[in-house]
Amino acid sequence: MPFDQKREQPGSRHVYGPVSSRRLGQSLGVDLVPMKSCTWNCIYCQLGRTKHYVTERREFFPLEEIVAEILAVLKSGVPVDWITLVGSGETMLYKGVGALIADIKKHTDIPVAVITNGSLFHLREVREELLGADAVLPSFNAGSPALFELIDRPAPGFTYERHLDGLVQFGKEYKGKLWVEVMLIKGLNDTDEALCDIAEALRLVDPDMVHLVLPTRPATEEQVAVPDRDSVERAFEVLSSVATVMHPVKGRMALEGAEDLLAAVSAIVSRHPLQERELLDALFSRFSGDRCAASGALAELYASGRFDRHMQAGEVYWISRQQGLRS
């Protein structure tokens with residue numbers, strides 16, 4: 001059963017999905033910054049290394065262009081639970097997130113989430129722009145300056161103290177859902193000491209929820225590994241003393257609603273590596289359990305020439321042929 005071979009339309013530069021998410025349901029992604037425009041160079045980043053830090057905010061793309069893309073998807077009738085502002089780097093480098101959120105809310109009641117590393121929360125303008133979001137998901141991976149430098153590798157001047165102070169201040173001002181993400185990395189921040197330090201710092205932030213995240217996709221640095229089950233359970237226990245913790249159980253990707261399968265998969269892979277097993281399961285569901293159709297679609301997708309395969313921890317991942325991982 002062949003799939004539609006159409007290329008992505010010119011109007012789809014910034015919007016992709018919806019992608020099925022355990023945390024956000026059917027999430028429509030909105031990418032606001034050029035690839036790897038970031039204030040950090042995290043060792044676990046699925047987008048590759050940050051070659052040149054970007055620290056100044058700007059309107060990288062016209063606001064009207066982004067809004068038009070979002071509205072086009074919503075008018076198509078595709079089910080969307082959340083509109084999620086993200087970036088191929090740091091989301092809040094986009095100057096005008098507040099105006100974008102306000103514009104989206106003029107047209108729809110669908111809630112808006114913002115995924116960010118939180119590095120710019122020390123700026124009042126950034127905190128104010130986020131007040132209209134329904135949920136904000138900042139990163140907090142270390143409870144000490146040494147681990148912060150080791151894991152997040154920030155641009156010069158972006159200190160641990162400034163990062164934590166910005167999060168604490170935002171927590172006092174923000175009235176929506178504050179869901180802090182903690183990327184748990186084997187041998188680094190999964191020890192008792194590291195977890196207790198994170199918990200102590202997060203008590204100051206006072207999040208509504210803590211989302212444990214694991215580096216299951218190919219990372220920037222090869223030594224990054226997923227913690228064992230005991231470490232994950234220990235992290236769950238320690239951080240539960242601060243707030244409700246979402247256990248890092250993987251959700252299911254959904255492709256049933258994708259009109260253009262090649263475009264949908266390309267949009268996802270261009271932003272993060274995709275596990276081949278997960279993709280095949282999604283195709284299996286799309287084709288109502290027809291394994292031959294799912295396998296045929298998988299082969300056709302790969303034959304498009306857009307993807308490369310990458311092996312990590314015994315799993316095959318699809319990556320964008322143009323990007324690569326550590327180039």
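Trainee: Is Glu125 buried, partly exposed or exposed?

Mentor: Glu125 counts as partly exposed, at 34% relative accessibility. Buried means under 20% relative accessible area, exposed over 50%, and partly exposed in between, with a 1.4 Å probe and protein chains only. This is a predicted model, where local features need pLDDT of at least 70, side-chain atom pairs count only at pLDDT 80 or more, and totals for chains, interfaces and linings use all residues. Residues are numbered from 1 along each chain as its sequence is written, and side-chain values use heavy atoms, with hydrogens and water left out.

Trainee: Which residue forms a salt bridge with Glu125?

Mentor: Lys95 does, with the closest N and O atoms 3.1 Å apart. A salt bridge here is a side-chain nitrogen of Lys or Arg within 4 Å of a carboxyl oxygen of Asp or Glu.

Trainee: How many salt bridges are there in the whole structure?

Mentor: The search finds 10.

Trainee: What about Arg234, which residue is its salt bridge partner?

Mentor: Asp192, at 2.7 Å between the closest N and O atoms. Arg234 lies in helix α7 and Asp192 in helix α6, so the pair ties together parts 42 residues apart in sequence. Helices (H or I, at least four residues) are DSSP runs, numbered from the N terminus, as are strands (E, at least two).

Trainee: Switching to α6, which of its residues are buried?

Mentor: Among them are Leu195, Ile198 and Leu202.

Trainee: What do the buried residues of α6 pack against?

Mentor: Their partners include α5 (160–173) and β7 (209–213), where contact means heavy atoms within 4.5 Å.
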